[in-house]
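Subject: Structure handover

Hello,

Here is the structure for your files. My notes follow below it.

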Amino acid sequence: MPTMGLKEVEHEITVLAPAEAVYQLIADVQNWPQIFPPTVYVDRFEQTEREERIRIWATANGQAKTWASRRVLDRKKLRIEFRQEVSAPPVASMGGTWIIEPISNSESRVRLLHDYRAINDDPAGLKWIDEAVDRNSRSELTALKANVERVTASEKLIMSFEDEIEIRGSAKDVYDFINEANLWTERLPHVARVSFEQDEQGLQTLEMDTRAKDGSTHTTKSIRVCFPHYRIAYKQITLPALMDLHTGYWTFRETVNGVRAASQHTVIIKEENIARILGPQADVEKAKDYVRTALSTNSRATLGYAKEYAEAKRSK
């Protein structure tokens with residue numbers, strides 16, 4: 001008999017891919033920011049042969065949330081059970097199961113089950129959770145289907161790259177410069193406007209207008225997850241027209257002479273916009289070059305100003 005106040009829902013989708021391949025994609029949480037739109041970052045902090053504990057940072061109804069979950073993986077049955085250890089309000093408890101069912105050698109059914117309660121069984125809280133679970137489940141299943149079925153296209157459209165710099169300063173000072181994005185209009189000439197929010201856990205929402213070399217500006221919005229003083233991971237949720245996805249992270253590693261700071265990007269090109277943005281003769285490779293140049297230019301500029309800041313602090 002269901003627990004009082006407990007809600008149970010199910011979503012499903014059919015995928016043109018073998019069940020084993022779908023299972024593996026769901027089991028590997030490191031790829032979730034690239035395949036599931038709501039997911040910003042996932043950290044696996046405990047693991048055995050069949051169980052693991054992970055922390056997830058994701059958006060729900062446009063708000064940034066974080067929670068820890070325990071997962072039980074059963075490769076033979078193609079099932080993954082999950083249960084939030086500490087839920088974010090208004091959620092009192094949340095759990096569920098991924099079930100992958102073979103339809104044929106090349107097709108499978110993915111079922112996503114959820115059970116949840118609102119704090120104090122509050123009707124308004126339950127309505128908020130209903131909407132978030134429905135939106136995120138549909139988004140995740142659609143993205144999962146697209147990612148599996150278009151793996152060849154994704155390989156052509158995806159790219160990852162990194163820029164790094166050596167700084168004679170401390171990792172804390174370099175981290176602080178990148179972390180304090182609310183000050184970027186004062187510190188970075190290519191940033192024209194910043195809207196910045198941060199919660200008590202360091203989870204940030206950053207919206208900014210960035211100037212390109214041709215003088216134009218574009219608006220991006222990112223969710224950032226901060227780990228003092230060694231990493232800041234982010235995912236853009238408002239993207240320029242040439243990108244279908246942009247995730248990345250800043251890293252700060254102590255060295256003998258100071259710190260090695262790096263900016264990493266993973267991008268999926270939005271192929272249908274290439275001709276409109278770059279002209280009818282442009283192809284995917286030209287779009288990749290264009291995007292990489294734009295992102296690297298801004299990253300290197302930001303790292304350069306972070307270097308000046310940290311080295312000036314050390315010399316005082």
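This is a predicted model: local features need pLDDT of at least 70, side-chain atom pairs count only at pLDDT 80 or more; totals for chains, interfaces and linings use all residues.

Residues are numbered from 1 along each chain as its sequence is written, and side-chain values use heavy atoms, with hydrogens and water left out.

Backbone

Most residues other than glycine have a negative phi, and most peptide bonds are trans. Asp121 has a positive phi, near 55°. With a relative accessible area of 33%, Asp121 is partly exposed (buried means under 20% relative accessible area, exposed over 50%, partly exposed in between, with a 1.4 Å probe and protein chains only). Leu78 is not a glycine either, and its phi is positive at about 55°. Leu78 lies in the loop between strand E4 (63-74) and E5, and it counts as buried because its relative accessibility is 8%.

There are cis peptide bonds to look at as well. One joins Pro89 and Pro90, with omega about 10°, and Pro90 is in the loop between strand E5 (79-86) and strand E6 (91-104). Another joins Pro228 and His229, with omega about -10°; His229 belongs to the loop between E11 and E12.

Overall

The protein has eight helices and 14 strands. Buried residues make up 46% of the 316.

The largest pocket has a volume of about 840 Å³. Among its 37 lining residues, Thr210, His218, Ala294, Leu295 and Asn298 are the closest to its centre. H8 gives the most to this lining, 10 residues. The second largest pocket holds about 690 Å³ and is lined by 32 residues, with Gln34, Pro37, Ala143, Asp244 and Leu245 nearest its centre. There the largest share, seven residues, comes from H3.

As for terms, the search runs on a 1 Å grid over the protein atoms alone, and a pocket is an open set of points where a 1.4 Å probe fits, with protein on both sides within 12 Å along at least five of seven lines; lining residues have an atom within 4 Å of a point. Grid points are joined across faces, edges and corners, and a volume is the space filled by probe spheres set on the points.

Two residues

Lys7 is in strand E1 (residues 7-15) and is partly exposed, at 29% relative accessibility. Leaving out residues up to four places away in sequence, Lys7 touches His114, Asp115, Tyr116, Leu126 and Asp130 (contact means heavy atoms within 4.5 Å). Lys7 and Arg117 are 110 residues apart in sequence, yet 6.3 Å apart in space, C-alpha to C-alpha.

Thr251 is in strand E13 and counts as buried, at 9% relative accessibility. With residues up to four places away in sequence again left out, Thr251 touches Tyr230, Arg231, Arg260, Ala261 and Ala262.

Regards

Definitions and conventions:
Helices (H or I, at least four residues) and strands (E, at least two) are DSSP runs, numbered from the N terminus.
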